[in-house]
Amino acid sequence: MLLDTLKSIVGPKGWSTDPDLLKLHLREWRDQYLGSTPLLVFPSSTEQVSEVVKACRAAGNALVVQGGNTGLCGGAIPRVDGDEILLSMSRMNRIRSVSASDFSMVAEAGCILETLQRTAADAGRYFPLSLAAEGSCQIGGNLSTNAGGINVLKFGTARDQVLGLEVVLADGTIWNGLRTLRKDTAGYDLKHLFVGSEGTLGVITAAALKLYPPIRNLHTAIVAFDDASFAVELLASLRDTQGDQVYAFELIPEIAMRFVLQHIPGCRSPFAELHRWYVLLEASGSLEGLESTLMNCLDAGQISDAVIAKSDQERSDLWRIRHSISEAQKFEGRSLKHDVSVPIGSIAEFLERTVATIESEFPEVRIVAFGHVGDGNLHFNISEPKKRDQASFLAVADSLTSIVYDSVASFGGSISAEHGIGLFKKEMLAKYRSPIELQLMRTVKQALDPENLLNPGKVI
Ligand SMILES: Cc1cc2nc3c(=O)[nH]c(=O)nc-3n(C[C@H](O)[C@H](O)[C@H](O)COP(=O)(O)OP(=O)(O)OC[C@H]3O[C@@H](n4cnc5c(N)ncnc54)[C@H](O)[C@@H]3O)c2cc1C
């Protein structure tokens, strides 16, 4: 009965039970979660989303919202033993308006991130959210996970790009909060409840987004050095010389560079030899300023080498190295992923202490700690030992993860910097957030989704 109602709401092009298509939607990017669903629906308007949610509610049937399915915590996959309807936002992909003079754009939730970046550029504007999955992830998914990516240092996370939202609530009501105001202190800022809520509080159907002037004179460089603690010093020096124009600052360890060069065809080392650490950075403003900062560091023996990209091709070759790390790591067997953050000033100490503890207790594992160090965010991944022995690696996985998260907690950090909680970190959230924070989260969930119909069992 419910399935027939849903089919009639979305029309013949708006649903599927085709096993081949379903397979693509029921498997998470890392293959860690497999799900099942009696029906996949693709509504094409906010009204259809609202009707779908109302019908599910009337039948007491839960649903899971899915964007581009690039999330890394299992949040977009329905439970394997459940009967949740899977609601894909991919047909809600219209850009409703772009205003160059207002520096804003209103886009439906199913718009692919890369499309939004291009649309902004076509209007002579810049949309800064950028991540390796940008060709597949959707703005609704980015907002629901409060995605980070490579430009957080300058522009903030997805949360910072949103001016207003349109949301279908758990009872099917449509809340139109698509204001493009820069200042608005009229009561609670409701849009921020939905940002980062991973589909558990409402279905985001459209967003009003901030645009920026185009970036001019962007310089991309890769710098090699021996001591991880220098990365944070270099960032501070660059911010001194380039002002607030440092856009990206990504740490890459030697092991990640080796994995990429070995496994990803077409990637070349920027230097004649390998180095212990690299930073891939982007900054605008004076090229002379950047060159002289790097030259001073070379003269002082703080860095071993540096290359500034001279063309778009060289720039994209450098970024390809950074963006290929996760893919390259897959060739090295199983790995444990820890997307964590600590205060920027504690990064070096955090790395030193955590690596030392792991190396003393589990000397065979391979630590691949890389990422958005300018935001205090590291992907502290641990690959299985070279001499593969998956069973014994998995047997110590929980102990390794506890070392990382306990260390993060001791620095006042977060066990999830940008990927969210989903199913993957649900137990960890309960362990590392205070009882009062967890209780507040439950109160919000209870208020907005009292019947627990939206993405049940995820986050809290
Ligand atoms: C190669 C690769 C690199 C990545 N790099 C980064 C990175 O640098 N930074 C980063 O932050 N993330 C990164 N990610 C993770 C992922 O791309 C982001 O979490 C992204 O924001 C997810 O968007 P999505 O559209 O794929 O969402 P999905 O995976 O489909 O969904 C994610 C969550 O959001 C919910 N959701 C989706 N759409 C909606 C909606 N319209 N309304 C309500 N809830 C919704 C889902 O229920 C789920 O809980 C990366 C992933 C990959 C595969």
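Reader: Which residues come nearest to the ligand?
Author: This is a predicted model, and in it Gly67, Gly71, Gly75, Gly140 and Gly141 come nearest, out of 36 residues around the ligand.

Reader: OK, zooming out. How is the protein divided into domains?
Author: There's domain 1 (2-88), domain 2 (95-210), domain 3 (219-327) and domain 4 (332-419).

Reader: So where does the ligand lie relative to those?
Author: Domain 1 and domain 2 both give residues to the shell, so the ligand lies between them.

Reader: How far apart are the centres of domain 1 and domain 3?
Author: Their C-alpha centres are 42 Å apart.

Reader: Switching to helices. At what angle do α1 and α3 pack?
Author: About 170 degrees, and the axes of α1 (residues 2-10) and α3 (residues 46-59) are 9 Å apart. With angles over 145 degrees counting as roughly antiparallel, α1 and α3 are therefore roughly antiparallel to each other.

Reader: Which residues meet there?
Author: From α1 you have Leu2, Thr5, Leu6, Ile9 and Val10, and they meet Gln48, Glu51, Val52, Ala55 and Ala59 of α3. The contact is made up of 7 nonpolar residues, 2 polar ones and 1 charged.

Reader: What about α9, which residues are buried in it?
Author: In α9 (residues 254-263) the buried ones are Ile255, Ala256, Met257, Phe259 and Val260.

Reader: And what covers them?
Author: The cover includes strands β11 (246-253), β12 (277-283) and β16 (366-370), along with helices α11 (312-323) and α12 (325-330).

Reader: I've got my eye on cysteine 267. Where is its place?
Author: Cysteine 267 is in the loop between α9 and β12.

Reader: What is cysteine 267 in contact with, leaving aside its neighbours within four places in sequence?
Author: Val260, Leu261, Arg320, Ile321 and Ser324. As for methionine 257, 10 residues away along the chain, its C-alpha atom is 9.6 Å from that of cysteine 267.

Reader: Asparagine 455, buried or exposed?
Author: Asparagine 455 is buried, because 28 other C-beta atoms lie within 10 Å. Asparagine 452 is partly exposed, with 13 other C-beta atoms within 10 Å.

Reader: Last one: where is the place of alanine 100?
Author: Alanine 100 is in the loop between β5 (95-99) and β6 (104-108). It is partly exposed, with 14 other C-beta atoms within 10 Å.

Reader: What is alanine 100 in contact with, again leaving aside its neighbours within four places in sequence?
Author: Ala123, Gly124 and Arg125. Threonine 205 is 105 residues from alanine 100 along the chain, and their C-alpha atoms are separated by 23 Å.

Definitions and conventions:
Residues are numbered from 1 along each chain as its sequence is written. This is a predicted model: local features need pLDDT of at least 70, side-chain atom pairs count only at pLDDT 80 or more; totals for chains, interfaces and linings use all residues. A residue is buried if 20 or more other C-beta atoms lie within 10 Å of its own, exposed if 12 or fewer, and partly exposed in between; C-beta atoms are placed from the backbone. Helices (H or I, at least four residues) and strands (E, at least two) are DSSP runs, numbered from the N terminus. Two residues are in contact if their C-beta atoms, placed from the backbone, lie within 7 Å. A residue is near a molecule or strand if its C-beta atom, placed from the backbone, lies within 6 Å of it. Domain bounds come from an automatic or database domain assignment. Axes are lines fitted to C-alpha atoms, for helices over the stretch in contact, and angles run from 0 to 180 degrees between N-to-C directions. Angles under 35 degrees count as roughly parallel, over 145 as roughly antiparallel, 65 to 115 as roughly perpendicular and the rest as oblique. Ala, Val, Leu, Ile, Met, Phe, Trp, Tyr, Cys and Pro count as nonpolar, Asp, Glu, Lys and Arg as charged, and the others, Gly among them, as polar.
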